[in-house]
Amino acid sequence: MNQKFISALTLCFVITLFTASAPKKEKPDPKITQLLKDISSKNIETTILKLVSFGTRNTLSAQDNPTRGIGAARDYLYNEFQKISRECGNCLQVEKQTFVQPVASRIPQPTNLTNVYAVLKGTTNPERVYVVSGHYDSMCTSPTDPNCDAPGANDDASGTAAVVEMARVMSKQKFDATIIFMAVPGEEQGLLGAAYFAQQGLENKMDIEAMFTNDIIGGATTFKNAKNRQTVRVFSEGVPSNETEQQANTRRGTGGENDSPSRQLARFIKETADVYSPKFPVTMIYRRDRYLRGGDHIPFVERGFTAVRITETNEDYDHQHQNVRTENGKFYGDTPEYVDYGYVANVTRVNAASLARLALAPAKPKNVGMVTARLGNDTELKWDANPEADLAGYEIVWRDTSSPVWTDAQAVGNVTNFVMPGMSKDNFFFGVRSVDKAGNKSPVSFPKPVR
Ligand SMILES: [Zn+2]
């Protein structure tokens, strides 16, 4: 072959590779753009101030006082969800899930706890569920003091208000899959409300495909001028909390410590924010949670569900878990003046866009395998066919092993296996996602080695 022919061939190959692999920039869906416009910082402020007005929402506080304590907060949230449901022609199923929490380290006597949630049933795949939550309990310095004032404006009236606002705007639209808007108690006593819901979900074989907890999303006003303020953190575990010893062995051999389902969800949320809120992007944090702290996503990941935590970038510890007081001229307490309602609204938009994209898209592909029957420089992937009627097909995505995000994608049609020629599975990470006829894409499933 002469030199000219070879260069022409090379050019041709490079062009083909480029057009095949460069992921098309996703255009915003007008349906999603509309619901982001509907999200109101004023409504969020109203909900936060109302929750603060109950004085304390400690899990051990009064359950039957209509104006003070966790019972008042529970009833308020239930009524809000009911009101939202009436506005959408009873489109929500509103539930109080009450259980008796036995004595635990922060529960001195058996106590009734009530998760309050609203279900927006999916139109075509109602059995597939996405959960978004905030915790409506609060605490002062002591988690077991039922009497002290615990306004909990940021921790976590902010997350609870985001959930209520999402229920309001998202219930005006229809989605393929089910979305559950949930407010839970007992977070400060050991993630108890979330753990109960996750355990029930496991026992009833609920298909909870993803869960987000919003906890401390108030954008503490103390840091109003901080450089990294126009962003929100999404925490995701790298290695699944429920990984078996056998799975750990496989991972030690071939990698995957940065590819748990929860990490894929974090990437999906980041990609969503890049399209729908480019001025308020997501910062992915590669850890399950912050030092010394936990959150309501943990009982979910421990039970094998996919879940992440969403939290403001700079936390102000003088205004969390503090008795409201002035000491040596300094004010302490989780009061509303330290919450930036515009910031909460931006975080709510990142949540709502991500949930909408998830619930409009097909489920992520199941049983995705990396075929390892022989050594070779081609990569073969296989997976189960999705059941959705509007499925168009699948995309194979890949990235360099040192890249934090998926960089390339190729549509491969409605098939259940595909060979990437000339791309060694040793040199890239690969994944598969589902795409429907409208172009909605699922999160990525990371393959397990199969024969
Ligand atoms: Zn919290």
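Colleague: Let's start with one side chain: is Phe-300 buried or exposed?

Modeller: Phe-300 is buried, with a relative accessible area of 0%, where buried means under 20%, exposed over 50% and partly exposed in between, using a 1.4 Å probe and protein chains only. Bear in mind that this is a predicted model, in which local features need pLDDT of at least 70, side-chain atom pairs count only at pLDDT 80 or more, and totals for chains, interfaces and linings use all residues. Residues are numbered from 1 along each chain as its sequence is written, and side-chain values use heavy atoms, with hydrogens and water left out.

Colleague: How many aromatic pairs turn up?

Modeller: The whole structure has eleven aromatic pairs, meaning rings of Phe, Tyr and Trp (its six-membered ring) with centres within 6.5 Å, called stacked if the planes are under 30 degrees apart, edge-to-face if over 60 and tilted for the rest. One of them joins Phe-300 to Phe-305 in a tilted arrangement, at 6.1 Å centre to centre and with 55° between the planes. Phe-305 also counts as buried, at 10% relative accessibility.

Colleague: Switching topic, what lies over the face of Phe-268?

Modeller: That is Arg-357, at 4.3 Å from the ring centre; a charge sits over a ring if NZ of Lys or CZ of Arg is within 6 Å of the ring centre and within 35 degrees of the ring normal. In another such arrangement, the charged end of Arg-399 is placed over the ring of Trp-406, 4.5 Å from its centre.

Colleague: Which helix gives the most to the lining of the largest cavity?

Modeller: α8 does, with three residues, where lining residues have an atom within 4 Å of a point and helices are DSSP runs of H or I with at least four residues, strands runs of E with at least two, numbered from the N terminus. For the second largest cavity, β2 gives the most, also with three residues.
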